[in-house]
Amino acid sequence: MKKILLSIVALCCTVAAGAQNEIITAVLQHGDDVSVYKGGSAFVQAYNAAVDGDVITLSNGSFVPPACIEKVLSIYGCGFEEDQEANTSITTINGDLRVGKADAVLEGVHIEGVFVKGELLAANTTNSSTTAQLKGFTLKRCFVESNLRFNSNIEGGTIKQCRIGRGIYGTSTVIADGLFIANCYIWDRVAQFSKDSDVQIDHCIKALRYGSGHYSNDDANWSEFIWTNSIIGHRGAYDGWGQTPLGFYSVAQNCIIVESGLDSSVTQNGCIVSVPINDLFDDGINNIDYSQTRNWKLKNETYLGTDGTPIGPYGGDGWNKVPSTPYVRNLNATVDGTELKVNYQAGVR
């Protein structure tokens with residue numbers, strides 16, 4: 001890791017052009033070979049040069065995304081929020097990010113530490129594609145500003161320590177075989193996967209409710225999931241609209257239900273029901289809305305999950321937003337006569 005980091009730093013220095021401004025870079029690692037690309041299109045350039053198994057590391061800054069990720073890559077950014085204490089800055093993917101290859105299975109794609117300023121469209125190449133599949137897909141410590149959508153079957157996916165600005169969706173025909181969602185903040189819902197799916201949501205927060213009985217293809221009918229150690233919110237509850245905190249025939253184990261009214265089809269074990277929102281979190285904020293400073297620690301320390309840790313993102317593996325990657329930040333260069341001087345911040349998280 002140290003050798004790789006030093007190579008990155010050395011190569012970053014070679015692309016510095018004497019400007020005072022910070023340089024936006026994408027570093028492509030292929031075995032022991034390292035290449036550096038710069039500018040807003042650097043991600044696209046690194047992707048075009050990459051082959052299956054390569055690693056792309058993005059600096060802080062804003063990047064144009066490739067048209068679609070159709071290669072088995074590991075992609076790392078600096079983080080999705082700026083936090084001096086945690087030593088993170090923001091790597092922004094400026095637009096929708098697509099992952100998938102038509103009529104093929106991509107196994108082992110890993111994305112970590114980026115802010116996707118749009119939707120993350122996984123297992124598809126276009127909005128209407130149903131032929132692209134993912135296996136062993138990992139999304140970790142990212143912020144997807146809109147929806148995370150799966151448009152074809154997936155196997156063994158992991159979504160962990162992420163902030164999802166809207167919801168995580170499949171379709172009524174998409175089978176998610178072993179989708180594990182952990183320590184995430186999800187504003188909207190996890191919904192609309194085939195009833196043959198195996199989806200577990202653990203140590204998460206889900207803020208909104210499911211529609212039921214109001215739409216012809218409603219969320220609740222296609223959301224038969226296992227919820228463990230999670231906080232089930234009540235935002236979006238409208239009297240008379242037939243809404244429910246969880247999908248029909250779901251299982252809720254050791255969850256906090258911020259209201260009563262689970263559908264009779266839901267199996268619940270060890271849940272804490274009708275907890276007032278103004279008596280839930282240790283920070284004293286009387287809502288379930290996201291903010292950068294919240295860690296989701298519970299006021300009542302006896303609210304424990306099946307693993308003996310607090311219910312919600314604070315428990316389990318914790319609410320950790322720092323990518324586990326080497327980083328190069330604040331790279332800039334000045335010219336002193338014939339000498340090029342490069343300043344940067346580098347380290348290993």
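Is E81 buried or exposed, and what is its relative accessible area? E81 is buried, with a relative accessible area of 10%, where buried means under 20%, exposed over 50% and partly exposed in between (1.4 Å probe, protein chains only). The model is predicted, so local features need pLDDT of at least 70 and side-chain atom pairs count only at pLDDT 80 or more, while totals for chains, interfaces and linings use all residues. Residues are numbered from 1 along each chain as its sequence is written, and side-chain values use heavy atoms, with hydrogens and water left out.

**Surroundings of E81**

- E81 lies in the loop between β5 (74–76) and β6 (91–93); strands are DSSP runs (E, at least two residues), numbered from the N terminus.
- The side chain of E81 forms a salt bridge with that of K321 at 2.7 Å, N to O; the term requires a side-chain nitrogen of Lys or Arg within 4 Å of a carboxyl oxygen of Asp or Glu.
- This pair links distant parts of the chain, 240 residues apart, with K321 in the loop between β32 (272–273) and β33 (326–336).
- K321 is buried as well, at a relative accessible area of 15%.
- Between E81 and Q292 the C-alpha to C-alpha distance is 7.6 Å, although 211 residues separate them in sequence.

**Other salt bridges**

- The whole structure holds nine salt bridges.
- K117 and E145 are joined through their side chains at 3.6 Å, N to O.
- K117 lies in the loop between β10 (115–116) and β11 (120–122) and E145 in the loop between β14 (143–144) and β15 (148–150), so their pairing ties together parts 28 residues apart in sequence.
- K117 is partly exposed at 38% relative accessibility, as is E145 at 34%.
- E119 and R149 form a salt bridge at 2.8 Å, N to O.
- E119 is buried at 15%, whereas R149 is partly exposed at 28%.
- D188, R189 and D219 are linked in a network of salt bridges.

- K206, in strand β24 (residues 205–208), is buried at 0% relative accessibility.
- The side chain of K206 reaches the backbone oxygen of L208 at 2.2 Å.
- Q161 sits in the loop between β17 (158–160) and β18 (163–164) and is buried at 2%.
- A polar atom of the Q161 side chain lies 3.3 Å from the backbone oxygen of D317.

Technical notes. Helix = DSSP H or I, 4+ residues; strand = E, 2+ residues; numbered from the N terminus. Polar contact = N/O pair within 3.5 Å; in protein donor to acceptor, adjacent residues only side chain to side chain.
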